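Please examine the structure below before reading on.

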Amino acid sequence: MRISILTTIAAAVSATALGAAEIAPTAVSFEDGAVSQSLTGVAGDPANGSEIVGDKGQGNCVACHQVSDLADVPFQGEIGPALDGAGDRWSEAELRGIVANAKIMFEDSMMPSFYKTEGFIRPGNAYTGKAADDTFGPLLSAQQIEDVVAYLSTLKE
Amino acid sequence: MTNLKGALSALIIAGTMASVAVADPVDDTLIINGETTLVTRTKAPAHVSDALDEVMSGWLFRGTETRAMQTDDFDNPGMIFVEQAEDVWNTADGSEGKSCADCHGASSDMSEVRPTFPKWNDAAEEVFTLEMQVNDCRENRMGAEKWKYNGGEMVNMTALLASVSRGNPVNVAIDGPAQAAWEQGKELYYTRTGQLELSCANCHEDSYGLMIRADHLSQGQINGFPTYRLKNTKLNSIHDRFKGCIRDTRAETYSPGSPEFVALELYVASRGNGLSVEGPSVRN
């Protein structure tokens, strides 16, 4: 019991420490649509990234993209290009830029901006249909973006 | 790198166009009760021809079994509610002791009504949806209480009024005094709302025919309303559908009956001018 409490505290402390180093959604610097600096300074976890890409409650990237590597995830959409080989086509910095805010790389893209908190019209409180309140944050956290980028980098033909 | 990117986006664009071409809706004809043939695809009206060549009913985007349910009134679960509304049509209500039939005759005489709504109302000096017209009759001619805009009695009555118009082409006026509302509706249609920054057009104009997760995107036409949805096993009103779609963009929605949704309804209806009224339709 004591150990698990200690672990929780340790996790919380390190999360706070990381929080300080995190680049805020409003402070990300893009160059030709790419973001070269890690948003957290912590290497992304590709296994968690693959969860996020396939999970309806997280990135839900498969709503629009097919990913052969996630063949067990049903109902993959076809609005955007298949992500197979994305790790060959794009550098890590480019992938970070695309996931954080695809509209900078692809003008007027239908792809949502996953690390952005400003400039929305009638932003809501998740899927409630009600107005956003002060819990409003980016679609994915900084570390989740890093995890997704790490996963996409593994997608090689 | 820049070149590579250029080539890639060209590829992406080509890929998208190719998939639109192959992801066409089914080639099928909607005949109801073996007698009424409905127009489910037709040339786009002039005011949307810059965006679409053809307009298509959502029926063409549904699966074989869902489509079949709509071809026979005994199999269409929405028709039960039409029958309920038929009773209400003939029942007196309110301080004037009148029924709808007392003023309008048989419900089947109302076949010219649904296709032209929403439309400008001179007395009220605003665009009326069918729901607003029904409540205007209830309040001012029957002395009865208004129904909830998207409540059960109202959606049933709109199903009755749609059912007697099945086969007649949607034909809403977009000019004259209705024009300002139409323009407002168009603006709303193309506005990218919510945290996902998606407009109606992103899904229903740019991407119809494609899958978004498990859903096969249609043109989002409203000629089939109200729709009986297998998902929630009830009749769904136009404004409830708008609300659901906007909610799915992680946006703050408008309310059923709000001026914004009235304007949006007029605009979306006008995109389907020429398609047959189909309500109550069956959708998943």
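## A helix pair in chain B

Helix 7 (residues 179-190) of chain B packs against helix 10 (residues 259-271) of chain B at an angle of about 90 degrees, with their axes 7 Å apart. Helices are DSSP runs (H or I, at least four residues), and strands likewise (E, at least two), numbered from the N terminus; axes are lines fitted to C-alpha atoms, for helices over the stretch in contact, and angles run from 0 to 180 degrees between N-to-C directions. Helix 7 of chain B and helix 10 of chain B are therefore roughly perpendicular to each other (65 to 115 degrees; under 35 is roughly parallel, over 145 roughly antiparallel, the rest oblique).

## Basis of the model

This is a predicted model, in which local features need pLDDT of at least 70 and side-chain atom pairs count only at pLDDT 80 or more, while totals for chains, interfaces and linings use all residues. Residues are numbered from 1 along each chain as its sequence is written, chains are lettered from A and ligands numbered from 1 in the order in which they are written, and side-chain values use heavy atoms, leaving out hydrogens and water.

## A helix pair in chain A

The axes of helix 4 (residues 92-105) of chain A and helix 5 (residues 142-153) of chain A come within 9 Å and cross at roughly 130 degrees. These two helices of chain A are therefore oblique to each other.

## A sheet in chain B

In chain B, three strands form an open sheet in the order 10-9-11, with mixed pairing (strands pair if DSSP finds at least two bridges between them). The edge strands of chain B are strand 10 (234-236) and strand 11 (281-283), each pairing on one side only.

Strand 9 (residues 227-229) of chain B pairs with strand 11 of chain B in the parallel sense over three bridges. Val282(B), in strand 11 of chain B, is the bridge partner of Tyr228(B).
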